[in-house]
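Dear colleague,

Please find below the structure that I am handing over to you. My findings follow it, and I would be grateful if you read them with the structure open beside the text.

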Amino acid sequence: MKVLIAERGGYCYGVQRALDIAHEAAEQGSGPIHTLGPIIHNPGVVEKLARAGVSPVDSPDEVEEGTVILRTHGVAPAVIEAVEARGVKVVDATCPYVKVAQEKASSLARAGYLPVILGEHDHPEVTALAAHAGERAMVIESVRELEEAVAGGKIKGKVGVVVQTTQAGDNLAALAAVLAPACRELLVYNTMCNATQKCQEEALSLARRADVVIVIGGRNSANTTRLAQLCREVQPRTYHIEDAEEIQQEWFDGTETVAVTAGASTPPEQIESAAHHLRAIGDVLS
Ligand code: SF4
């Protein structure tokens, strides 16, 4: 059984940067170090970091002293103010690409556009983007939702779009096609992250050549879940796992080629472990 490993799977620039910042804070830190929410959507990595002295909290109210690290997704301006009001040190690990999206979102509001955030409701990055875009911001997740908003007269006039960094390009194209005839002026900031696009493109290319696809990453990771969805559209025998131990031999009956990719919050050791597991299964089946 041939095992194809994606070169662009696993930690992206922003995640690696945030983890480096967290480890550096742990080494230098005096007093407790917290992240606001898990630093990335990968339970194994969060546990490891907690052992190194960096633990997540749900709210600024839980922090009495020490350091608070803002994670890659970014936070609303009000959250930064709430953390600063606690009198603790704030370390901003927001991904620079997310920062750009936040700046574009607030610039839309300042310029009088109706800000439309294309992204998942309740995703922390999207919630923060909407907060940066001000009170009029609307979050739209699907074409159907957008069509309803247009039909209800909620979207008109000057409209500006900002995109959740991990969205897929075809989703943006479909929404822009609905928006364009509905408004007087349309400004679209494509704030999708290049890392996500490249990872998705490579994964789809591998999925077309494979009998089975393994996608590794936290089940709470939007990025990994979308990667698995996309691969499944090309290869229905796609499995989303968090850990190599979940891999089952019966998934590979008659398999000649298996492709392995991973979300942006998946550490290299998890990818290596899965590859090792798959090679062992290949040896058994051959
Ligand atoms: S996927 Fe892109 S935007 Fe998100 S953290 Fe990684 S580099 Fe930043």
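This is a predicted model: local features need pLDDT of at least 70, side-chain atom pairs count only at pLDDT 80 or more; totals for chains, interfaces and linings use all residues.

Is Thr-266 buried or exposed? The relative accessible area of Thr-266 is 0% and buried means under 20%, so this residue counts as buried. Its surroundings can be listed as well. Setting aside residues up to four places away in sequence, Thr-266 touches Gly-10, Tyr-11, Asn-42, Ile-216, Gly-217 and Ile-271.

I turn next to the ligand. Which residues surround the ligand? They are Cys-12, Gly-14, Cys-95, Tyr-97, Thr-165, Cys-193 and Thr-196. This shell divides into four nonpolar residues, three polar residues and no charged ones. The space that the ligand takes up is the largest pocket.

Glu-27 has a relative accessible area of 69%, and since exposed means over 50%, Glu-27 is exposed. Ala-26, at 25% relative accessibility, counts as partly exposed. How far apart in space are Glu-27 and Ala-52, which are 25 residues apart in sequence? From C-alpha to C-alpha, the separation of Glu-27 and Ala-52 is 8.6 Å. For Ala-26 and Gly-53, 27 residues apart in sequence, the C-alpha to C-alpha separation is 6.1 Å. Ala-26 is in contact with Ile-33, Ala-52 and Val-54, leaving aside its neighbours within four places in sequence.

The loop between β6 (114-118) and α5 (124-132) holds Asp-122, and Glu-120 lies in this loop as well. Asp-122 counts as exposed at 71% relative accessibility, whereas Glu-120 is buried, with a relative accessible area of 17%. Apart from residues up to four places away in sequence, Glu-120 touches Val-126, Val-139, Glu-141, Gln-164, Gln-167, Ala-222 and Arg-226. The backbone of Asp-122 also deserves attention. Its phi is near 75°, a positive value in a residue other than glycine. Most residues other than glycine have a negative phi.

Two further residues complete this account. Ala-109 is placed in helix α4 (residues 96-110) and is partly exposed, with a relative accessible area of 33%. Beyond its neighbours within four places in sequence, Ala-109 is in contact with Pro-115 and Ala-133. Although Ala-109 and Val-159 are 50 residues apart in sequence, they are 9.8 Å apart in space, C-alpha to C-alpha.

Ser-142 is found in the loop between β7 (138-140) and α6 (143-151). Ser-142 and Gly-119 are 23 residues apart in sequence, and their C-alpha atoms are 8.3 Å apart in space.

Yours sincerely

Conventions:
Residues are numbered from 1 along each chain as its sequence is written. Side-chain values use heavy atoms; hydrogens and water are left out. Buried means under 20% relative accessible area, exposed over 50%, partly exposed in between (1.4 Å probe, protein chains only). Contact means heavy atoms within 4.5 Å. A residue is near a molecule or strand if one of its heavy atoms lies within 4 Å of it. On a 1 Å grid over the protein atoms alone, a cavity is a set of points where a 1.4 Å probe fits but cannot get out, and a pocket is an open set with protein on both sides within 12 Å along at least five of seven lines; lining residues have an atom within 4 Å of a point. A molecule sits in a cavity or pocket if more than half of its atoms lie within 2 Å of its grid points. Ala, Val, Leu, Ile, Met, Phe, Trp, Tyr, Cys and Pro count as nonpolar, Asp, Glu, Lys and Arg as charged, and the others, Gly among them, as polar. Helices (H or I, at least four residues) and strands (E, at least two) are DSSP runs, numbered from the N terminus.
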